[in-house]
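Good morning, colleagues. Please look at the structure first.

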Amino acid sequence: MDNNDKKTMLSGIQPSGDLHLGNYLGAVKNWAALADEFNCYYFMADLHSLTVRQDPKELRRRSVTQLAQYIACGLDPEKNTLFIQSHVHEHAELGWILNCYTMFGELSRMTQFKDKCAKNADNINGGLFTYPSLMAADILLYQPDYVPVGEDQKQHCELTRDVAIRFNNIYGETFKVPEPYIPKVGARIMSLGTPTSKMSKSDPQGCVFIMDKPEDIARKFRRAVTDSDTERCVHYDPQNKPGVSNLMSIYSSVTGKTFEQIEREFDGQGYGAFKPAVGDAVIEAMRPIREEAERMIADKAYLKDVYTEGARRASHVAAKTLRRVYKKVGLVEKPF
Ligand code: TYM
């Protein structure tokens with residue numbers, strides 16, 4: 001049960017692939033440390049994944065293995081409510097209501113919608129368009145204070161705030177207006193192959209997955225695109241040296257070193273020394289996570305217990321909010 005003296009955090013990740021380094025550094029890594037200070041809700045956003053065609057068996061498998069990866073990244077199920085989005089039907093229901101308070105123009109401006117349309121030209125479905133209303137529902141059901149996400153989700157969080165404010169203005173105080181909580185370093189990890197685009201599972205060569213084997217991680221970093229600078233190789237300058245700056249962000253995130261410390265560490269050295277060092281640091285950071293996730297994936301009964309208890313706790317909170325919303329908008333109270 002929630003502790004009312006604590007503030008609330010909530011976030012989710014689509015189980016449309018294994019977690020990658022961007023998901024980890026931009027989001028999950030920061031979640032584990034929040035568990036004592038906040039009431040925390042984290043979920044597998046399986047309904048969102050349906051906006052892009054999925055193999056049903058794979059989606060089902062990944063929704064559960066993602067839970068194992070969450071726990072391996074340090075999310076203790078005793079301290080965090082971990083659940084599968086589709087197990088809490090209030091998400092879809094509030095999503096519909098909020099669709100009616102989200103404007104066509106607002107949805108049309110979403111960068112993720114435009115990107116996904118470009119990548120899935122043969123499947124530009126309604127769900128892809130109204131995705132942000134469902135995301136607003138995911139968030140507002142739990143009345144969180146903060147939504148810990150990477151930079152790319154800031155726009156969706158801002159739309160959530162606008163929808164919450166609009167709803168509150170019409171019906172009186174109903175939703176808490178949440179703020180995005182974005183890390184200073186790691187909020188936008190770029191592809192290792194095309195450092196001007198964000199790291200994403202749709203580009204497997206430029207993407208490091210937390211379940212990748214050490215030799216694959218090493219190879220991906222050895223091949224990472226840098227630049228032809230021979231004067232001041234390891235120097236943070238995202239505008240002119242996007243590849244190197246991205247590697248520095250990754251190195252800084254996993255080692256805790258500042259950019260100045262990293263520049264000093266590799267002063268006078270070329271990329272031949274720097275790239276494998278970043279790869280090694282990532283391998284060491286990922287090793288315990290991968291091993292723990294592999295162990296847990298084998299324990300299906302345990303994972304089921306965790307997501308069952310998570311859905312029970314999440315449903316309790318979500319149902320309360322949805323009841324208030326239904327009443328406010330004028331729906332007749334359900335008699336049973
Ligand atoms: P998704 O599944 O694309 O990504 C999950 C989280 O990982 C962050 N992220 C990154 N951070 C840094 N660098 C990157 N290259 C990178 N790629 C992804 C994302 O910012 C996100 O925090 N719509 C959401 C899922 C969602 C959600 C929600 C999030 C559904 N409902 C409610 C928060 C609250 C999404 O597609 O994230």
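Is helix H10 mostly covered or mostly uncovered? Before the reply, a word on the source: this is a predicted model, in which local features need pLDDT of at least 70, side-chain atom pairs count only at pLDDT 80 or more, and totals for chains, interfaces and linings use all residues. Residues are numbered from 1 along each chain as its sequence is written, and side-chain values use heavy atoms, without hydrogens and water.

H10 is mostly covered, with twelve of its 14 residues buried, that is, under 20% relative accessible area with a 1.4 Å probe, protein chains only. Among them are Val244, Leu247, Met248 and Tyr251. The cover includes helices H1 (21-32), H9 (214-222), H11 (259-265) and H12 (271-297). Helices here are DSSP runs of H or I, at least four residues, numbered from the N terminus. Just after H10, glycine 256 has a positive phi of about 80°.

I turn now to the helix pair. The axes of H4 (residues 90-99) and H7 (residues 126-140) come within 8 Å and cross at roughly 120°; axes are lines fitted to C-alpha atoms over the stretch in contact, and angles run from 0 to 180 degrees between N-to-C directions. Residues of H4 including Leu94 and Leu98 meet residues of H7 including Leu134 and Ala137, contact meaning heavy atoms within 4.5 Å.

Note on methods: Helix = DSSP H or I, 4+ residues; strand = E, 2+ residues; numbered from the N terminus. Buried < 20%, exposed > 50% of the residue type's maximum accessible area, 1.4 Å probe, protein only.
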